[in-house]
Amino acid sequence: MLGGARNHLGGGASLEAVARSAHAAVYRGVNAAGEPYCLKIVSSVASVPFLAPTLERLTRAQGRDRARADAGPVPRVISFGPVHDGLAEPPAPAGAFYLVTTWAPGAPLSRWLDSGWPPRAERPAAACAIASCAADLERLVEGGAALMHLDIKPSNIMLARDAAGCFSARLVDLDTALFEDMHPRCVPATPRYAAPEVLRPRPNVPITSRADVYALARVLAEVLGCRAEDDPVLAPALDPRPALRPSASDLLRALKRRVTNR
């Protein structure tokens, strides 16, 4: 199966390992056209039971406009599926799952924050770029349902800056991603950023894209160097009642107004 993915990419060059955990590995490759791509291998299909159905729908949504998909909030899906036979290089046991996407430019937001960059004066612009990405995610719809990332955190946000100094952001790591009408009940999200309804599911409180807004507010507080609960723009996104939280688009507009009024 993985060989078919490489053929689809035009024959990849050697792969460079860029991240590894106990359950997955991420590689960067370059196809015959010189285009970078990302290969992720998850050690077991069983560990990501909803990933294939989500990717099938995401592929349909992105396929309607490739140029727009390439500039979208998440990388464009190129190929995915189970690894039926084990592979030696890259290492992949039988029963693993692979995903090939376009490469998201930039560096993880976590790395930016750890390095103290960008400077404080530029962080509102970076925050707006991240919020804009989340707003675009809300508009990524298939079958009338929006895509939810459900594990928004600094290490899952690729932040780039062009020669003109403008920031752009892309959400990566789609292991937890689901469409709203898939009605998730249990999501292995990161507790530090996850919304209450994700951490403690309740029958009468559905998980919607407002869960991503909650996580977004937590991330933006780190970018802006503030406490989300005390920030007049971010605090509404932490409402324990999901329906009362603003949309990511509303949050983006509020951030832009604050930048403009300074």
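Here are some notes on this predicted model, from the whole chain down to single residues.

1. Ground rules. Residue numbers start from 1 along each chain as its sequence is written. Because this is a predicted model, local features need pLDDT of at least 70 and side-chain atom pairs count only at pLDDT 80 or more, while totals for chains, interfaces and linings use all residues; side-chain values use heavy atoms, with hydrogens and water left out.

2. Overall make-up. The protein chain has eight helices and eleven strands; these are DSSP runs numbered from the N terminus, with helices being H or I of at least four residues and strands E of at least two. The C-alpha trace spans about 55 × 50 × 35 Å along its principal axes. The radius of gyration of the protein chain is 18 Å, which agrees with the value near 18 Å for a compact globule of 262 residues (taken over C-alpha atoms; the rule is 2.2 Å times the number of residues to the power 0.38).

3. Burial and surface. Of the 262 residues, 50% are buried (buried is under 20% relative accessible area, exposed over 50%, partly exposed in between, with a 1.4 Å probe and protein chains only). The protein chain exposes about 12,400 Å², and carbon and sulfur atoms supply 55% of that (Shrake-Rupley method, 1.4 Å probe; for residues, only the protein chains shown count as cover).

4. Contacts and charges. Take contacts between residues at least 6 apart in sequence: 62% of them join residues at least 24 apart (contact means heavy atoms within 4.5 Å). As for charge, the mean positions of the 31 positive and 26 negative charges are 4 Å apart. Lys and Arg count as positive, Asp and Glu as negative, with His and the chain ends not counted; the charge is placed at NZ of Lys, CZ of Arg, CG of Asp or CD of Glu.

5. Arg-57. This one sits in helix H2, residues 51-63, and is buried, at 14% relative accessible area. Setting aside residues up to four places away in sequence, Arg-57 touches Glu-142, Gly-143, Ala-145, Phe-179, Asp-181 and Met-182.

6. Aromatic pairs. Searching the whole structure gives two (rings of Phe, Tyr and Trp, the last by its six-membered ring, with centres within 6.5 Å; planes under 30 degrees apart are stacked, over 60 edge-to-face, the rest tilted). In one of them, Trp-112 and Phe-167 have ring centres 6.0 Å apart and planes at 65 degrees, so the pair is edge-to-face. The pair links distant parts of the chain, 55 residues apart: Trp-112 belongs to helix H4 (residues 109-115) and Phe-167 to strand S10 (residues 167-171). Both Trp-112 and Phe-167 are buried.

7. Val-74. Have a look at the loop between helix H3 (66-70) and strand S4 (77-83), where Val-74 is placed. Val-74 counts as buried because its relative accessibility is 1%. Beyond its neighbours within four places in sequence, Val-74 has contacts that include Leu-58, Gln-62, Leu-137, Leu-140, Arg-170 and Leu-174.

8. Positive phi values. Two non-glycine residues are worth a check. Leu-150, with phi near 70 degrees, lies in the loop between strand S8 (145-148) and strand S9 (157-161) and is buried, at 5% relative accessible area. Asp-173 has a phi of about 65 degrees; Asp-173 is in the loop between S10 and strand S11 (178-179), and is partly exposed at 30%.
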